Structures are given as structure tokens and as C-alpha cells.
Amino acid sequence: MEMESFVGIDISKATIDVAVHENKEHWAFTNDENGIKKLASLMRKVSPSLIVMESTGSYEVAATYELSARGFSVAVVNPRHIRDFARSTGLLAKTDGLDARVIARFAATIKPSPRILPDEDTQKLAAIMARRRQVVAMLTAEKNRLGQANHTVKERIKQHISWLEQELDDINKESGSMIESNTEWKEKSDIMQSVPGVGPNLSLTLLSDMPELGNLNRKEIAALCGLAPFNRDSGQRRGQRSIWGGRSSVRAAIYMAAFSAVRWNPLLREFYQRLLDSGKRRKVALVACMRKLLCILNAMLKNRTVWNAQIIHPLVACH
């Protein structure tokens with residue numbers, strides 16, 4: 001039988017460290033176009049069953065796309081999972097080479113699922129939406145500064161606010177035109193925005209940052225977003241359920257939509273009030289509405305059906 005090969009890659013801003021679980025060899029490349037090409041050439045020789053690397057937020061993106069485009073199975077995992085695995089095996093020392101070896105061992109032991117990368121258009125939309133969030137954050141910061149600023153710099157801040165507002169308007173127009181020119185996205189956007197409380201920002205965020213919506217069941221999609229409650233039980237103790245992890249950009253957009261939906265969406269308003277009447281805290285009830293809204297959108301996209309309060313309950317229950 002041909003032996004499976006598992007590769008661990010530790011990536012930083014400047015370097016890419018590579019280890020293969022089955023041997024003691026270690027390679028290091030620069031994290032740039034030239035280094036990534038050398039990495040891909042090495043992977044052709046190694047022919048791994050699975051390549052695992054940590055999610056760094058940005059440093060792993062170029063290598064992930066290059067290796068995936070060349071047909072390799074690549075899994076990008078939460079760094080916390082790697083740290084916990086290292087502690088469980090007693091590997092407490094830390095260097096880039098050791099980190100790569102730990103990741104390779106993690107790959108061989110856990111065998112995480114390879115990452116399915118979004119297509120090029122979705123990547124572009126995701127980049128635009130990420131830039132939009134940055135501009136909104138800068139706008140908020142500058143407007144907060146304006147009230148406390150010395151008169152010497154107030155005019156500069158106002159000019160910057162004007163520029164940011166124009167940049168935000170340009171981004172909104174560009175993202176809107178991308179949706180209009182893509183038939184599938186346009187259909188999905190129209191379906192999502194048919195739900196009272198769901199606007200362009202949430203539909204754009206879901207299209208760019210959660211392309212899996214409509215293809216998973218309700219439990220999987222809630223966990224992916226970080227809206228699935230996790231138990232904290234031990235023996236006879238029943239701890240408080242809480243949510244954590246998931247895609248923060250999606251969760252933030254759903255929070256704002258749910259905040260509106262509990263006022264304007266009859267189904268979610270009734271659900272929210274029922275939770276409050278049963279003694280749930282407002283924040284807990286709102287999180288439950290966020291999860292319900294996400295599951296509703298997931299079921300609607302799966303069935304390609306627009307909002308209809310009469311058929312939503314059975315749809316969500318089935319999916």
C-alpha cells in the first residue's frame with residue numbers, strides 16, 4: 001500500500017516553514033511569489049495527501065490559493081486547535097520549525113477537512129466587503145474624534161470624513177453593480193432581501209463571507225457562523241450555554257439585521273417576545289433570533305423561495 005503523506009506549514013509574514021510528518025526534513029521559504037512557487041514545486045515531489053496550515057488572517061492566503069489551484073488538498077485550521085493539540089502531546093517548545101512539525105503531526109492525527117475555496121468573483125466581493133468594513137470603522141473613529149478635536153485639526157478631520165464618505169459610496173456602488181451583473185448572486189440577494197429586516201449589507205456579507213449558505217443544514221450553518229450554543233456541563237453541574245468562534249464579520253451583520261427584524265419582522269418579533277416572556281435576557285433572546293434568522297435564510301436559499309411567513313417554520317425544521 002502507498003503510504004499517506006501529511007504536510008504541516010507554519011506561515012508568518014516573512015517566511016514559510018514546511019515539515020512532513022513521515023520524516024525529519026524541514027524546509028523554509030520566503031513568503032512571497034518566488035517562495036510560494038518553490039513551495040509548490042516541493043509539494044509536487046512530496047505529493048501529500050493533506051496539507052495543513054494555521055489561519056493567520058492574511059499571511060496564508062496566497063499560499064493556500066496557489067496550492068489549491070495546483071490540485072493539492074489544503075486545510076486551514078484555527079490556531080487554537082493546533083495549540084491545544086501541542087499541549088495535549090507535551091510539545092511545549094516553540095520555534096517555526098517545531099511549529100511546522102506539530103502542524104504536520106496534527107494533520108496526520110486529526111485529518112481536518114480540506115478547505116473549499118470560493119471562486120474568483122467571490123474572492124473579489126469578499127475583498128471589497130472587507131474594505132467596506134475598514135472604511136466604516138475609520139469613519140466612526142473620525143466622527144468620534146471630531147467632537148473632541150482641537151480647532152487646529154478639525155478641518156483636516158472633516159476633509160478626511162468627506163473622503164471616507166465618498167469612498168464608502170463608491171464601494172457601495174461597485175458591490176451593487178457586481179451583484180446586478182451576476183445572475184446567481186442577484187437571485188440570492190433578492191431572496192434574502194425579501195425577508196423583513198434583511199437589507200443590502202447583510203445579503204452582501206453573506207454572499208461574500210458565507211458562500212456555503214443554502215448548502216448546509218441549519219446546525220452546520222449556525223456553527224459556521226458561531227451562533228451554535230455549546231454546552232458547559234460536568235457531572236451533575238449544568239453550565240451556562242454560550243456561543244463562540246465562527247465568522248465574526250457575518251455574525252456582526254446578522255446582529256444588526258436581527259436588531260431590526262425583532263421590530264419589523266412579525267415572525268421574529270413574536271419569537272423574541274415569547275423568549276422575553278419566558279424569562280430570557282434580552283441579549284440571549286436576540287442571539288436566538290440571530291440564529292433563527294440565519295436558519296431561515298439558509299432554508300430559503302436551499303429551496304429558492306422568497307419570504308412567506310406561513311411556510312417558513314416547516315422549511316427551517318426540515319433543513
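Strand 2 and strand 3 (residues 26–30) pair in the antiparallel sense over five bridges. Helices (H or I, at least four residues) and strands (E, at least two) are DSSP runs, numbered from the N terminus, and two strands pair if DSSP finds at least two bridges between them. This is a predicted model, in which local features need pLDDT of at least 70 and side-chain atom pairs count only at pLDDT 80 or more, while totals for chains, interfaces and linings use all residues. Residues are numbered from 1 along each chain as its sequence is written, and side-chain values use heavy atoms, with hydrogens and water left out.

Strand 2 also runs antiparallel to strand 1 (residues 6–11), to which five bridges join it. The hairpin from strand 1 to strand 2 passes through three residues, and the hairpin from strand 2 to strand 3 passes through five residues. Val-18 of strand 2 is the bridge partner of Ile-9, and Val-18 also stands opposite Trp-27 in strand 3. Five of the six residues of strand 2 (residues 15–20) are buried, so this strand is largely enclosed by the rest of the structure. Buried means under 20% relative accessible area, exposed means over 50%, and partly exposed lies in between (1.4 Å probe, protein chains only).

## The chain as a whole

The chain has 13 helices and seven strands. Of its 319 residues, 39% count as buried. Its accessible surface comes to about 18000 Å², and 52% of that belongs to carbon and sulfur atoms. Accessible areas come from the Shrake-Rupley method with a 1.4 Å probe; for residues, only the protein chains shown count as cover.

Among contacts in the chain with a separation of 6 or more, 59% are between residues 24 or more positions apart. A contact means heavy atoms within 4.5 Å.

## Helix 3

In helix 3 (residues 79–88), Ile-82, Phe-85 and Ala-86 are buried. These residues cover an arc of only 100° around the axis, which puts them on the same side of helix 3. The arc is that of the directions from the helix axis to the C-beta atoms. Arg-87 and Ser-88, on the other side of helix 3, are exposed.

At the start of helix 3, a side-chain oxygen of Asn-78 reaches to within 2.9 Å of the backbone nitrogen of Arg-80. After helix 3 comes Gly-90, with a positive phi near 80°.

## Leu-207

Leu-207 belongs to helix 8 (residues 200–209). With a relative accessible area of 7%, Leu-207 is buried. Not counting residues up to four places away in sequence, Leu-207 touches Thr-122, Leu-125, Ile-179, Trp-185, Lys-188, Ser-189 and Met-192.

Lys-188 is 19 residues from Leu-207 along the chain, and the C-alpha atoms of these two residues are separated by 8.1 Å.

## Salt bridges within helices

Side chains of opposite charge can pair when their charged atoms come close. A salt bridge is a side-chain nitrogen of Lys or Arg within 4 Å of a carboxyl oxygen of Asp or Glu. The whole structure holds 15 salt bridges.

One of them joins Lys-37 to Glu-33, with the closest N and O atoms 3.7 Å apart. Both residues lie in helix 1 (residues 33–46), four residues apart, about one turn of the helix. Lys-37 is partly exposed at 45% relative accessibility, whereas Glu-33 is exposed at 61%. Another salt bridge is formed by the side chains of Glu-120 and Lys-124 (3.9 Å, N to O). Glu-120 and Lys-124 both lie in helix 5 (residues 120–148), four residues apart, about one turn of the helix. Glu-120 is exposed, at 53% relative accessibility, and Lys-124 is partly exposed, with a relative accessible area of 44%.

Glu-184 lies in helix 7 (residues 183–193) and Arg-304 in the loop between helix 12 (282–303) and helix 13 (309–318), so the pair ties together parts that are 120 residues apart in sequence.

A network of salt bridges links Glu-184, Glu-187, Lys-188 and Arg-304. Lys-188 of this network is also among the residues that Leu-207 touches.

Conventions:
A polar contact is a pair of N or O atoms within 3.5 Å; within protein, one must be able to donate a hydrogen and the other to accept it, and residues adjacent in sequence count only if both atoms are side-chain atoms.
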